[in-house]
Amino acid sequence: MSKQNFRYTRNVRLRAATLSFAASLGLAALSAFHPAPARAASMQPLILLPVPEAPHGVPRSHVAARLRHSVEMASIQSATSAALAALPLHDTSGLSDKLKQRVEEIATENAKDQDIAEAKHFFAARDFVPAWTDRGQLTARAKKVLARMEKAKFDGLDPADFALEGERDGNVQLGSVEELVELEVQMTAAVARYISHAAMGRINPRSVSNYITIDPQRPDITGGLTRVAASNDPASVLEEFHPTHDGFIALRESLARIYESEDAVQKVVEIPSGPLIKPGQTDKRIPLLRTRLGVARPGDVDDLRYDAVLEKAVVKLQKKSGLPSEGFIGNLTLGVLNGHALGSRADVIINMERWRWLPRDLGKHHVFVNLPEYLARVVTDGKIIHTTRVVIGKTKNQTPIFSDEIEHIVVNPTWSVPRSIATKEYLPQLQQDPTYLQRRNIQVLGRGGQVIDPTTVDWESYSRRSMPYRFKQPSGRGNALGNVKFMFPNEHSVYLHDTQSRSLFSRTTRAYSHGCVRVHQPFEFAEALLENEAYSGAGIRRMVGGGERHVILKAHVPVHLTYFTAIASREGSVRKLGDVYGHDARMKRMLGL
């Protein structure tokens with residue numbers, strides 16, 4: 001909505017508008033300022049005030065005139081309030097018509113704005129009776145709503161998105177019915193926008209990346225507006241639209257602490273990066289580490305030696321920060337000590353935004369994959385029952401971000417090679433060596449599905465667009481999908497699966513796949529996934545060998561592929577993960593952070 005739609009007239013126009021407005025209401029309040037000339041001699045002054053001594057050279061009459069003008073302007077403003085208070089707002093014959101007309105105008109001008117459409121539905125449901133004003137003044141409920149929205153920064157939102165033109169400390173001055181109508185529309189749009197931002201976020205996830213295909217659930221904004229306008233505690237109604245996930249709540253609590261501490265941040269001496277420090281080793285950075293952690297050096301220990309007392313303090317810090325608590329001092333631990341690895345305000349806000357994209361109900365029993373963390377978790381009744389490492393897509397073959405449901409498990413899977421891999425990677429290799437796929441146990445299939453000898457094909461005659469063949473890898477030893485895959489049919493053709501490349505799981509960063517998610521412990525993962533099914537992980541393992549077999553789940557399991565780079569701990573610290581796909585940088589630009 002354009003801000004011009006809500007700009008209030010002030011200054012010179014105020015008095016003229018006030019007089020005109022009061023006159024149209026038939027009020028006598030302003031007539032005291034313009035008495036009949038015939039009775040001028042007997043007119044009593046409006047307010048009796050002593051005229052102060054005039055400065056040297058200024059006539060006392062001038063001082064008195066200025067004083068009267070000041071009093072008159074104050075009285076005009078009081079008369080304006082009195083005139084508005086006298087408006088028969090309960091008799092909305094004229095006001096409702098104007099409100100209806102204005103709402104419909106704005107809805108037509110902003111046809112694609114869903115918040116405005118919700119505002120129109122809200123007013124239509126109440127026959128266009130004003131919701132936020134009574135006798136020309138903001139209601140107590142409206143003031144509570146404004147007070148809550150002014151604190152939106154603590155929700156990870158922007159208070160400027162909900163500010164009213166001309167509003168100061170919950171008060172708005174009105175000079176005409178038109179301005180009252182504009183206030184009603186503006187206030188409704190602001191509350192609708194707050195509900196939308198709280199529930200869905202400020203930006204469309206799909207605008208961040210083509211690999212993000214989440215569609216946040218839109219709340220009942222019309223119903224929300226009605227409840228907010230009618231509640232004696234509207235702030236609690238607005239609170240209901242924020243996510244209730246533990247991860248979101250922890251980040252919001254951390255954001256409040258960040259705002260509190262931003263002005264009190266003390267600069268610390270950097271601990272230089274360098275080789276990994278293991279317990280028992282000596283390093284010139286040890287004295288700085290002791291100072292930073294507040295650990296005294298035992299009398300019998302070399303000043304540069306990493307002793308057991310210091311190790312205990314380091315492990316405690318690592319546990320608090322969510323780092324591997326092995327006692328080794330590497331760059332991640334040094335980053336926490338130097339403040340680099342802690343999530344910034346911007347990091348916290350964009351990750352709060354991502355929580356708003358997820359379904360309100362993740363599922364009583366669900367799978368939660370956090371790509372920057374390279375971990376998959378099985379969660380039941382809010383408790384993590386299994387965690388496993390995963391390998392995710394490369395930067396050029398990113399694992400997408402979305403939610404779906406695991407429907408079945410395939411044991412001894414065959415691999416139908418995606419066309420993008422077939423044309424971009426395998427075709428150039430075949431043009432150099434027609435036996436390339438045979439060494440990898442990958443079959444070439446013709447248009448009819450028949451197996452073709454790749455050495456009989458003139459691969460040089462084909463391009464990426466014209467290549468007509470499909471490639472398939474049979475199940476068994478060497479299959480890229482390993483022994484099992486977990487299927488949730490989706491537009492990206494990605495899934496969770498086993499792998500033959502076990503060595504990659506030992507690496508810290510694990511972005512090596514073509515987009516699917518490789519699971520480190522597939523049978524243990526299956527055991528946790530199937531806790532409510534007739535099958536078990538051991539049963540799945542016994543099926544390995546032979547042809548492809550399908551295990552249909554009687555109850556689909558929600559799976560969420562997510563991207564959280566800032567994770568708040570129960571102790572209040574924020575752990576910052578790497579922005580493997582660059583989504584953080586784009587979101588910060590989009591939100592102006």
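## Helix 5 and helix 6

In this predicted model, helix 5 spans residues 140–149 and helix 6 spans residues 177–200. Their axes come within 11 Å and cross at roughly 45°. Because angles from 65 to 115 degrees count as roughly perpendicular and those under 35 degrees as roughly parallel, helix 5 and helix 6 are classed as oblique to each other. The crossing of helix 5 and helix 6 is left-handed.

Helix 5 contributes Ala142, Val145, Leu146, Arg148 and Met149 to the contact. From helix 6, the contact is made by Met187, Ala190, Val191 and Tyr194. By residue class, the contact of helix 5 with helix 6 comprises 8 nonpolar residues and 1 charged residue, with no polar ones.

## Aspartate 381

The phi angle of aspartate 381 is near 50°, which is a positive value in a residue other than glycine.

Aspartate 381 has a relative accessible area of 51%. Exposed residues are those over 50%, so aspartate 381 is classed as exposed.

## Asparagine 412

A positive phi also occurs at asparagine 412, a residue other than glycine, where the value is near 55°. Asparagine 412 is located in the loop between strand 6 (402–411) and strand 7 (415–416).

The relative accessible area of asparagine 412 is 4%. Since buried residues are those under 20%, asparagine 412 is therefore classed as buried. Thus, aspartate 381 is exposed, whereas asparagine 412 is buried.

How values were computed:
Residues are numbered from 1 along each chain as its sequence is written. This is a predicted model: local features need pLDDT of at least 70, side-chain atom pairs count only at pLDDT 80 or more; totals for chains, interfaces and linings use all residues. Side-chain values use heavy atoms; hydrogens and water are left out. Buried means under 20% relative accessible area, exposed over 50%, partly exposed in between (1.4 Å probe, protein chains only). Helices (H or I, at least four residues) and strands (E, at least two) are DSSP runs, numbered from the N terminus. Axes are lines fitted to C-alpha atoms, for helices over the stretch in contact, and angles run from 0 to 180 degrees between N-to-C directions. Angles under 35 degrees count as roughly parallel, over 145 as roughly antiparallel, 65 to 115 as roughly perpendicular and the rest as oblique. A crossing is left-handed if the near helix is turned anticlockwise from the far one by less than a right angle, and right-handed if clockwise. Contact means heavy atoms within 4.5 Å. Ala, Val, Leu, Ile, Met, Phe, Trp, Tyr, Cys and Pro count as nonpolar, Asp, Glu, Lys and Arg as charged, and the others, Gly among them, as polar.
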